[in-house]
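Colleague: I'd like to learn how to read a model like this one. Can you walk me through it?

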Amino acid sequence: PRAVSPEVLAAAAAEVSPRNVQVAADPATAWALAMRIATPEHLICVAGSFFIVSEIRAAIEAQHPQ
């Protein structure tokens with residue numbers, strides 16, 4: 001019940017910032033999108049629940065297996 005849809009969050013961000021906002025359907029897709037957009041000078045910050053961070057971590061580990 002506390003979750004906000006990505007579209008509602010993007011609309012709220014657009015109200016306070018002129019920057020372009022990207023929306024992804026799930027954390028793995030968001031990570032892939034961030035990796036396509038980011039340059040070496042950018043910082044990608046993952047925020048949200050431990051569940052979101054866990055899914056992002058799995059996406060990173062899938063790209064860079066040990």
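**Fold and pocket**

Modeller: Starting at the N terminus, the elements run α-α-α, with three helices and zero strands in the chain. Helices (H or I, at least four residues) and strands (E, at least two) are DSSP runs numbered from the N terminus. This is a predicted model, where local features need pLDDT of at least 70, side-chain atom pairs count only at pLDDT 80 or more, and totals for chains, interfaces and linings use all residues. Residues are numbered from 1 along each chain as its sequence is written, and side-chain values use heavy atoms, leaving out hydrogens and water.

Colleague: What volume does the largest pocket have?

Modeller: Rolling a probe the size of a water molecule over the atoms shows where empty space is left. Here the largest pocket has a volume of about 1,400 Å³. A pocket is an open set of points on a 1 Å grid over the protein atoms alone, where a 1.4 Å probe fits, with protein on both sides within 12 Å along at least five of seven lines; lining residues have an atom within 4 Å of a point. The volume is the space filled by probe spheres set on the points, which are joined across faces, edges and corners.

Colleague: Which residues are closest to the centre of the largest pocket?

Modeller: Leu-9, Gln-22, Val-23, Ala-30 and Cys-45, out of 32 lining residues. Helices H1 (6–16), H2 (27–37) and H3 (50–63) each give two or more residues to that lining, and H2 gives the most, with six.

Colleague: How many residues of the chain are there, and what share is buried?

Modeller: Of 66 residues, 12% are buried, meaning under 20% relative accessible area with a 1.4 Å probe, protein chains only.

Note on methods: Buried means under 20% relative accessible area, exposed over 50%, partly exposed in between (1.4 Å probe, protein chains only).
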